Amino acid sequence: MPKCQFTTKHYNYEINKFDDFHCQEEEPLASRFCIFHDNNYCLRDKTNHEKHQSKVLDRMKHKLNHAISNNEPLLCIGFQLHDFSLSDLSIGKEFTKPVYFSGSDFFRYADFGAANFQGGAELLHNPMNKYI
């Protein structure tokens, strides 16, 4: 199955060096990016905005639950997130491994207030950092 074409380098705090990141999300859109990396996915179709936003949040909930349940780092590198709040996802919020949102864009707002980042969190290089 085809995968998202998003790739970049990021600093991996578990090995203390820069590492390649290749998005593993399947079912890319026509843009060849997944719903997290296509910066127009939630903005492009005004009539389906809520449906697209719901799909992003449902998939995000799955990613968060997987990372927490399997004690793995959460790699959300370069994500394009709209109106994001951890408290809306009704999941466990104890992250024992690093959480990476490096290079991500948060449109309107992002709320991580309910999270406990025991393994650290990287929210650097985000244009909307002042709203996080």
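Me: Why does R32 count as exposed?

Reply: R32 counts as exposed because its relative accessibility is 53%, and the term applies to values over 50%. The value was computed from a predicted model. R32 is placed in the loop between strand 2 and helix 1.

Me: What makes the phi of R32 worth noting?

Reply: The phi of R32 is near 75°, a positive value in a residue other than glycine. Most residues other than glycine have a negative phi.

Me: What is the phi of N16, and where is N16 found?

Reply: The phi of N16 is near 55°, which is again positive in a residue other than glycine. N16 is found in the loop between strand 1 (7-12) and strand 2.

Me: Is N16 buried or exposed, and how do you know?

Reply: N16 has a relative accessible area of 53%. Exposed means over 50%, so N16 is exposed.

Me: Why is the contact between K9 and D20 called a salt bridge?

Reply: The closest N and O atoms of K9 and D20 are 2.6 Å apart. The term requires a side-chain nitrogen of Lys or Arg within 4 Å of a carboxyl oxygen of Asp or Glu, so the pair qualifies. The pair links distant parts of the chain, with K9 in strand 1 and D20 in strand 2, 11 residues apart. The structure holds four salt bridges.

Me: Why is K9 called exposed, and why is D20 called partly exposed?

Reply: K9 has a relative accessible area of 55%, and exposed means over 50%, so K9 is exposed. D20 has a relative accessibility of 43%.

Me: What makes E25 and R59 a salt bridge?

Reply: The closest N and O atoms of E25 and R59 are 2.9 Å apart. The cut-off is within 4 Å, so this pair forms a salt bridge. E25 is in the loop between strand 2 and helix 1, R59 is in helix 1, and the two are 34 residues apart.

Me: How do you know which class of accessibility E25 belongs to, and which class R59 belongs to?

Reply: E25 has a relative accessible area of 8%. Buried means under 20%, so E25 is buried. R59, at 28% relative accessibility, counts as partly exposed, because that class lies between the limits for buried and exposed.

Me: How do you know that K63 and E25 meet in a salt bridge?

Reply: The side chains of K63 and E25 meet at 3.3 Å, N to O. The requirement is within 4 Å, so the contact is a salt bridge. K63 is in helix 1, E25 is in the loop between strand 2 and helix 1, and 38 residues separate them. K63 is buried, and so is E25.

Me: What makes E25, R59 and K63 one network?

Reply: E25 forms a salt bridge with R59, and the side chain of E25 also meets that of K63 in a salt bridge. Salt bridges that share partners join these residues into one network.

Me: Which residues are the closest to the centre of the largest pocket?

Reply: The largest pocket holds about 310 Å³ of space. Of its 16 lining residues, Q24, E25, R59, K63 and L75 are the closest to the centre. The elements that give two or more residues to its lining are strand 2 (17-22), helix 1 and strand 3 (74-75). Helix 1 gives the most, with five residues. By class, the lining has seven nonpolar, four polar and five charged residues.

Me: How many cavities reach 30 Å³ or more?

Reply: One cavity of 30 Å³ or more is counted. The largest cavity has about 40 Å³ of space. Its lining includes A67, I68, F95 and V99. Helix 1 (49-69) and strand 5 (94-95) are the elements that give two or more residues to this lining. By class, the lining has six nonpolar, two polar and three charged residues.

Me: Which residues touch the most other members of the largest nonpolar core?

Reply: Of the 29 residues in this core, F36, M60, L81, F84 and F101 touch the most other members. Two or more residues come from each of helix 1, strand 4 (80-85), strand 6 (99-100) and strand 7 (105-111). Helix 1 supplies the largest share, five residues. In soluble globular proteins, nonpolar side chains tend to be buried together.

Technical notes
Residues numbered from 1 in each chain as written. Predicted model: local features only at pLDDT ≥ 70, side-chain atom pairs only at ≥ 80, totals over all residues. Heavy atoms only, no water. 1 Å grid on protein atoms, 1.4 Å probe; cavity = no way out; pocket = protein on both sides within 12 Å on 5 of 7 lines; lining within 4 Å. Points joined across faces, edges and corners; volume = space filled by probe spheres on them. Helix = DSSP H or I, 4+ residues; strand = E, 2+ residues; numbered from the N terminus. Nonpolar A, V, L, I, M, F, W, Y, C, P; charged D, E, K, R; others polar. Core = buried A, V, L, I, M, F, W, Y, C linked by side-chain atoms within 4.5 Å. Buried < 20%, exposed > 50% of the residue type's maximum accessible area, 1.4 Å probe, protein only.
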